[in-house]
Amino acid sequence: QVQLIDSGGGTVQAGGSPRRSCIGSGWTYYSNCMAWSRQAPGKEREGVVGIYTGGGAIFYANSVKGRFTISRDSAKNTMYLQMDSLKPEDTGIYYCAAADGNGACLDGRWSAPRNFNYWGQGTQVTVSS
């Protein structure tokens, strides 16, 4: 059973640059589609960045493109989300997610949380203005 443990977050000032981490274990597929999603207050959960671990393809939502960076350290089974130039509208609960194989990374599916079946516990990121 795949398990994801994400960490980081808290309250940061606008313009801040925190980093989130997600440690995965129990993988049964050699390559997977992984993502960071967030849920803003009163809104549905949405994908903000995705990555396919097999080929390294990376996908960003327009709202975070140029400000957020996803990376992986395969030796540590850890995925990172570097968030730069944070804005108050980036406030929300951030989750790391994974799906077996590459299907969830095809044709833009990475942006839809319903395509992922493994989730971290999520942590709150609050951006103060």
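Predicted model: local features only at pLDDT ≥ 70, side-chain atom pairs only at ≥ 80, totals over all residues.

Colleague: How many disulfides does the structure hold?

Modeller: A disulfide is counted where two cysteine sulfur atoms lie within 2.5 Å. Cys22 and Cys96 have an S to S distance of 2.2 Å, and Cys33 and Cys105 have one of 2.0 Å. The number of disulfides in the structure is 2.

Colleague: How many residues apart are Cys22 and Cys96?

Modeller: A disulfide joins Cys22 to Cys96. The pair links distant parts of the chain, with Cys22 in strand S3 (residues 19–25) and Cys96 in strand S9 (residues 92–100); the separation is 74 residues.

Colleague: Is the disulfide of Cys22 and Cys96 right-handed or left-handed?

Modeller: The handedness follows from the torsion about the S-S bond. For Cys22 and Cys96 this torsion is about 60°, so the disulfide is right-handed.

Colleague: Where does Cys105 lie?

Modeller: Cys105 is joined to Cys33 by a disulfide. Cys33 lies in strand S4 (residues 32–39), and the pair ties together parts that are 72 residues apart in sequence. Cys105 itself lies in the loop between S9 and strand S10 (118–119).

Colleague: Is Cys105 buried or exposed?

Modeller: Buried means under 20% relative accessible area. Cys105 has 6% relative accessibility, so Cys105 counts as buried.

Notes:
Residues numbered from 1 in each chain as written. Heavy atoms only, no water. Helix = DSSP H or I, 4+ residues; strand = E, 2+ residues; numbered from the N terminus. Buried < 20%, exposed > 50% of the residue type's maximum accessible area, 1.4 Å probe, protein only.
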